[in-house]
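Subject: Structure handover

Hello,

Here is the structure, with notes on its cavities and aromatic rings below.

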Amino acid sequence: METKDTTMSMLRMDKGENEGQRDKGRQDAGGEEEGTQQENGRLMLADGLAERGPKSLTSGSGQQVSNGFTTSTPQSPKEGPGTAACAVGTTTGPGGGTGSSVPLGGLRTLVVQQTSLDRPRETWSKKMDFLLSVIGYAVDLGNVWRFPYICYQNGGGAFLLPYLLMAVFGGVPLFYMELALGQFHRSGCISIWKHICPIFKGIGFAICIIALYIAFYYNTIMAWALYYLISSFHPTLPWTTCTNSWNTANCNRYMSSDHNVSWSNSSTSPAEEFYTRQVLQVHLSPGLHQLGSVSWQLALCLLFIFTIVYFSIWKGVKTSGKVVWVTATFPYLVLLVLLIRGATLPGAWRGVVFYLKPDWEKLLSTTVWIDAAAQIFFSLGPGFGVLLAFASYNPFHNNCYKDALVTSSVNCLTSFLSGFVIFTVLGYMAEMRQQSVDAVAKDAGPSLLFIIYAEAIANMPAATFFAIIFFLMIIMLGLDSTFAGLEGVITAMLDEFPHVLAKRREWFVFGLVCVCYLGALSTLTYGGAFVVKLFEEYATGPAVITVVLLEVIAVSWFYGTNRFCNDVQLMLGFAPGCFWRVCWVAICPCFLLFIIISFLAFPPEVRLFHYQYPPWTTVLGYCIGVSSFICVPAYMVYHLLNAKGTFKQIRIKGGKKAMTTVRIGT
């Protein structure tokens, strides 16, 4: 008899009913462990060459897991030829071993059949779909504007040393851990905690709220880029002249052909005035206390962006995996074209020297190490639920270890390459204005792209062509990250509420996109740039770092590093080495704690253009950040109040529910 989400274990024995009764007693003694296993499939034991179902294990060295994938983990020397293993999770036996041995008196084969009536989990059509999606998520706008600025600000080439150290000992281990967790448990960032440590389930809800906050402001930057892209089709690029309605008397059209024009400290370029007075219109807002009206042009641009996002992710990774073949590869083509063009500009060498000239004394500054840790963390992007979601659609035996090394390396190299693309142009601008590179590179963040680089493009031959491909690149870099961020939320909610949402994915995605659009309206006002800066500095950074710290502690200390490494060995055929274990247990928590303490000890001084953020905005920013993190302690209290028994009993019960590996041998 087969029932939905139930497991029936049948033992067929050659040695008589007495032995069969003993084994049945062992089975019944499994108690809650069997109750957990009943969610996954039907286990059948048969002698020797038993009947084999479509998803069966037929050799002592093979393994079958609940999601229907067959393992190929080599036998350990302690396992005889009659040993079979079922990977539905992990158990830790005496002495740190995995599982328990149940003698059955003869060769036994474990057969696993999926009896759930639920639809099978979606998987990537190709391995490259997954890799491009992860690379597209990790390589975002921050790689183009933040890394080059942080690099030259913190010692140029000397900054690469702390950056690489933070990547090796902090960023990459976290990246690898999340890929392995998602691939093994095949769950989103909420439901995965029932397999790891249920009391930390609030982490998943906090991640979803943080992802929403990011969607509120991140897509607005793409709307700005779309506005620029549309403006690039004008016969004359509108940020090259000072005769427009938005220009002021300080506007100074300083083109390479204008040798009689001098540049002063009070001068503003037409690119700067186009960005601040026409696109953002920040001159119409005195600050956060009075944002002003919504810009209808930006509202339409953002609506178009979200329309693209919706039709790219509404069907799942089958569709988004195809879109990233364009959105993840096109930026590299554009970066290569811009690098070649920038290297041929006069003065490009000045920018490259300024970018890479090492200032070793700056390594003695704590700020340099803080910036290196924060940059690699936000660049690789663990803790946003995306890596868990993407990896959950992988085949069970996909080599996520290799994927983690490849994608993280591509991400870091892209950041380094972007520095050359940016600083060759900054050197050209410095040569043209007869200023130092430092004076030209005073703008950071979006201003570096929308003012400095836009102005440099306007000075190039075929300026319209370079403007079109540049702003297309900006949009595609942002789209990849938006696809990933929203997919993390979608996967989490569909896995947590499958009976309600699984068959209504399109409608749920539509509702989610509408919520994101409405939440972004405040960033489309005349003072919307101030809101974007506030969200970027306070609403997401500290909260997500704290959430990832709790995630590492929950996995390494509560779930157990040995248990987690056994999971990885079950998938890949080899266990993580001592380096990874030490990183997960000690170095990564210290790495994250270092960033958090540094942020609290040295809070950023938030300033945008000529607007200095007042003290009350700092309080507002922290409140927004806490509003997501509060889910973690709130769910802990909820879990303890609704659980039965003492705290020790609850902890033991949660541990038993996490143990879902069964080892049966002779």
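How do the residues of the lining of the largest cavity divide into nonpolar, polar and charged? They divide into six nonpolar, two polar and two charged (Ala, Val, Leu, Ile, Met, Phe, Trp, Tyr, Cys and Pro count as nonpolar, Asp, Glu, Lys and Arg as charged, and the others, Gly among them, as polar).

This is a predicted model, in which local features need pLDDT of at least 70 and side-chain atom pairs count only at pLDDT 80 or more, while totals for chains, interfaces and linings use all residues. Residues are numbered from 1 along each chain as its sequence is written, and side-chain values use heavy atoms, with hydrogens and water left out.

Aromatic rings

The structure holds 60 aromatic pairs (rings of Phe, Tyr and Trp, the last by its six-membered ring, with centres within 6.5 Å; planes under 30 degrees apart are stacked, over 60 edge-to-face, the rest tilted). In one of them, Tyr 227 and Phe 274 have ring centres 6.2 Å apart and planes at 50°, so the pair is tilted. Tyr 227 is in helix α7 (residues 202–231) and Phe 274 in helix α8 (residues 270–279), so the pair ties together parts 47 residues apart in sequence (helices are DSSP runs of H or I, at least four residues, numbered from the N terminus). Tyr 227 counts as buried at 12% relative accessibility, and Phe 274 counts as buried at 1% (buried means under 20% relative accessible area, with a 1.4 Å probe and protein chains only). Ring pairs link both into a cluster whose members include Trp 224, Trp 246 and Phe 609.

Regards

How values were computed
Helix = DSSP H or I, 4+ residues; strand = E, 2+ residues; numbered from the N terminus. Buried < 20%, exposed > 50% of the residue type's maximum accessible area, 1.4 Å probe, protein only.
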